[in-house]
Amino acid sequence: MADCKGRIRPFLGQVEKPQRYLGDEFNQVKKDWGAVKCRFLFGFPDVYEVGMSHLGMHILYEAVNRRPDMLMERCFSPWKDMESVMTREGIPLYGLESGEPAEAFDCVGFTLQHEMSYTNVLQMLKLARIPYWAEERGEDAPLVIAGGPCAANAEPMAPFLDAIVAGEGEELLPALLEVVAAHNAKGPGRGGRVSLLRDLAAMPGVYVPSMKGQKVRKARLGSIEGAAYPLAPLVPYIEVVHDRMMLEILRGCTRGCRFCQAGMIYRPVRERSKDTLMKQARAIKESTGHREISLTSLSSSDHTCIGDIVREISAEFAGERISISLPSLRANHFSVDLANEIRKVRKTGFTFAPEAGSQRMRDAINKGVEEEALLSTVMKAVSAGWRQIKLYFMIGLPGETMEDVDAIAGLCEKVVRSGNQAIRAAGGKGGLRVSCSVSNFVPKAQTPFQWIGQAGQEELKAKQARLKELMKSRHISYSYHDAFTSMLEAVFARGGRELAPLLAAAANRGCRFDSWTEELRRDVWQSVFAEAGLDMEALAVKTYDLDAALPWDHLDHGVSKGYLRREYEKSLRGETTGDCRYAGCTGCGACAAEADAYDTWAGGRDIETDGRDTETGAAGRQPGKGGNVLFGEAVDQ
Amino acid sequence: MKVRICFSKTEAGRYLSHLDIARTMERGLRRAKAPLAFSEGFNPHPKISFASALAVGVTGCREYIDVELAYRVDIGSFGRALESAFPAALAFVAALEIGPGTRSLSSAINLAVYRISARLSAGDEEKAAAGVAGVLAAGELWRKPKLKPGKKPIPAKEVRGLVRRIEIVEEAGAAWAGAGGLNADSAGAIAVGAGSDGASSGGAGSGGAGRIVAIEAELGMTAGGQLQPRELWEMICAAGGFEAAAPPAICRTALLIRQDGKTFSPMEGVAV
């Protein structure tokens, strides 16, 4: 039954933030269902305000909707109040654009941004009236797919998914939908779901969990310069988490922090040129009316032209009082200079991520931040007028001792002392405020630390308590992450398919929004694991033998296992590895060929003519499969 | 250059708060390339002033803002730009240049007209009529104190003087047939028609028994206070001795200026 949006209207007065369920935002794309060959519903397994802040969704919205033959609509996890209304009234999950129920779409795709959103995917499937288990879906059920960083090891979710998209979706998703459309076009008796899955499994970057023995290499773009990018993104009515224009200035990071999954799976580094970025910034400004622009990437100060980009945007947009935000800055003087450029419009706090307190630990995780550099950067920032510094750390890192933990508190105090000294030197008043946020290390698949078990609950709690005891200064505010949540995250981040029934059981007993501390149902999770005869903590702390088979061995996200192992061994020896952009190739394997080693725009080099912008390597192009789509190669071993 | 803009908060925007509307309005103005003038200071804001905030759940047919522009624009093409720059939740009605000495919207407007539509159980129509008569006949009407945790309590207040007129208007009719089924897309539901406006939400309930009763109320707005239409509805229910099955759908149909015995719109007599 169509028009689910109309059916929920009478109940909107009974729920929090009804606008979450209505769509109709500026720049919404609403297409005629009869005029397209494939209808795709994108599901974000969290509330609207979180999902609408996700750049990936906006990119895919553009990549699919710019094609005349397909459409993409959105849905988000309904909050608990709306979920009970929908369940009670028998109103299914629906696309915000058309109000059509999820089951009427050809394909439903979820983004798996983090493990703690898995139960929300199941909540959404249930509301969509689509069976959890891929094998239980009938011929008419939509194809259920997923992608995102958790595709690095989506095994715990694999039995719920017909296909998993590994890598970058802006070209792969439309290509996949084309295959779905072609399959639909065959009409009744079209060879069945199995033949569709077989066709999908033949696509590079597409993992079909029901196929045995498949090896998959992620899909990625050779260059992001010409990639689909939303120049007229949706403008939400209600305040969302990141309520601003987003400009993706570069993708990937090769700093090589050994805990960082994003830094491994999004390699190599690819930049957008300043000219393209300026054009995009102008277009997005005019189409949205936002008053803030964020230059996003994994490490913004790493763009080879970042200074020029910031100065140019700042100069051009200052008259309209549009402010610039620059997340993910490295702790160095250059970052302060950059921030000074943007502060002409609005002043914000400074955030750095030293990740560990001691130099020994920072070397072990390959976080190239020196204490002296950090302190002098802080002094420079303070002299330039900043009075608020935010620092991110992790505890429970491999090989960490209590002295390393104490060093976190020590470093925060040094930051305060340096800052206050700089304030006094400048004749200023007041003190520096430092907020120190400490998270728990979670080992992730496809990283050099993938073999290492997480620190046990007792250890994490003892370290958290130790820091609480040490951080007494009134200048420092200390916050830390829930240890139980981190344990669950660790279990699912490195788990296998055997965990899928536990996810289903937890979802059936009401687990949702597990990343929201106040929503996490510890009791339910504990009993689900106990009933399955599994020890949650033992799974989290389990250390794999270096030669052991890992649940994600068949998934190749660019970096080779040999590289990860070398990096792990270097970590044990306290050795660091330089960034391949400056210190030479580290042999990680992410660059399919010499040709696209990495893609920068320094010095106005003409990328088109030096051949680095063409394709991902010999095996990259698959003739006859989606035209000019560039895939990473499929590895058949 | 100062511009007064008349707009609607449509059915699509019913559940937006005043803050949402303010943010949405600023974005619309920016998309229309309005040369906004900004306040001085560390955190500059565009100089936009609203006539009066609309509560979540209440639509508005004729709402107003004054906006200051840094330089002169052609008002005709500016209006057309706004028309296409507004999202579904806002509908452009009119714009005109106002003189520098024009009284501000918030000080000039002293009257609001609301249409309150509710689905009543069969037989409660007479009670509604009795409720209206009761409220009008009352010598005093006391607004309940407002207690919000963490906020200063607003004491009870006598508000009979703010209730200028209440009448039961014609039943909305056919538009109600699909109560609850009207979606935000239908006609961008500019919701000017009182009937269609009330139709969709407020929990009137689809397929419920009973009739829809629409009440038009003229409420005074003074610096000393306002009476929310929802509060008035509660008074009517109390005076008539009935309860509505669901909260009513409310639309503010007009904001007016009453002066020297004459009533006029904020767009009258202010053009340069």
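A:Asn27 sits in the loop between helix H1 (4–8) and strand S1 (38–44) of chain A. In this predicted model, A:Asn27 has a positive phi of about 75° although it is not a glycine. That is worth a look, because most residues other than glycine have a negative phi. With 16 other C-beta atoms within 10 Å, A:Asn27 is partly exposed.

**Other backbone features in loops**

- B:Lys33 also has a positive phi, about 60°, and is not a glycine.
- You will find B:Lys33 in the loop between helix H1 (18–31) and strand S2 (48–50) of chain B.
- B:Lys33 counts as partly exposed, because it has 15 C-beta neighbours inside 10 Å.
- Back in chain A, the peptide bond from A:Arg267 to A:Pro268 is cis, with omega near -10°.
- Most peptide bonds, by contrast, are trans.
- A:Pro268 belongs to the loop between helix H8 (261–265) and strand S10 (270–271) of chain A.

**Helix H10 of chain A**

- The buried residues in H10(A) are A:Ile306, A:Ile309, A:Val310, A:Ile313 and A:Phe317.
- These residues lie on the same side of H10(A), because they cover an arc of only 95° around the axis.
- Among the elements covering the buried residues of H10(A) are helix H9 (274–288), strand S11 (292–296), strand S12 (323–325) and helix H11 (333–342) of chain A.

**A parallel sheet in chain A**

- Four strands of chain A form an open sheet in the order S13-S14-S15-S16, with parallel pairing.
- Strands S13 (350–355) and S16 (476–480) of chain A each have a single partner strand, so one side of each is left without a neighbour in the sheet.
- From one strand to the next, the twist averages 20°.
- Strand S15 (residues 433–440) of chain A runs parallel to S16(A), and 5 bridges join them.
- A:Ser437 has A:Ser479 as its bridge partner in S16(A).

**Chain B**

- Chain B contains 6 helices and 11 strands.
- Of the 272 residues in chain B, 45% are buried.
- Among contacts in chain B with a separation of 6 or more, 79% are between residues 24 or more positions apart.
- B:Glu170 is in the loop between strand S8 (163–169) and helix H5 (194–199) of chain B.
- B:Glu170 is exposed, because 9 other C-beta atoms lie within 10 Å.
- The C-alpha atoms of B:Glu170 and B:Val213 are separated by 7.9 Å, although the two are 43 residues apart along the chain.

Technical notes:
Residues numbered from 1 in each chain as written. Chains lettered and ligands numbered in written order. Predicted model: local features only at pLDDT ≥ 70, side-chain atom pairs only at ≥ 80, totals over all residues. Helix = DSSP H or I, 4+ residues; strand = E, 2+ residues; numbered from the N terminus. Buried ≥ 20, exposed ≤ 12 C-beta atoms within 10 Å, placed from the backbone. Contact = placed C-beta atoms within 7 Å. Pairing = 2+ DSSP bridges. Axes fitted to C-alpha atoms, helices over the stretch in contact; angles between N-to-C directions. Arc of directions from axis to C-beta.
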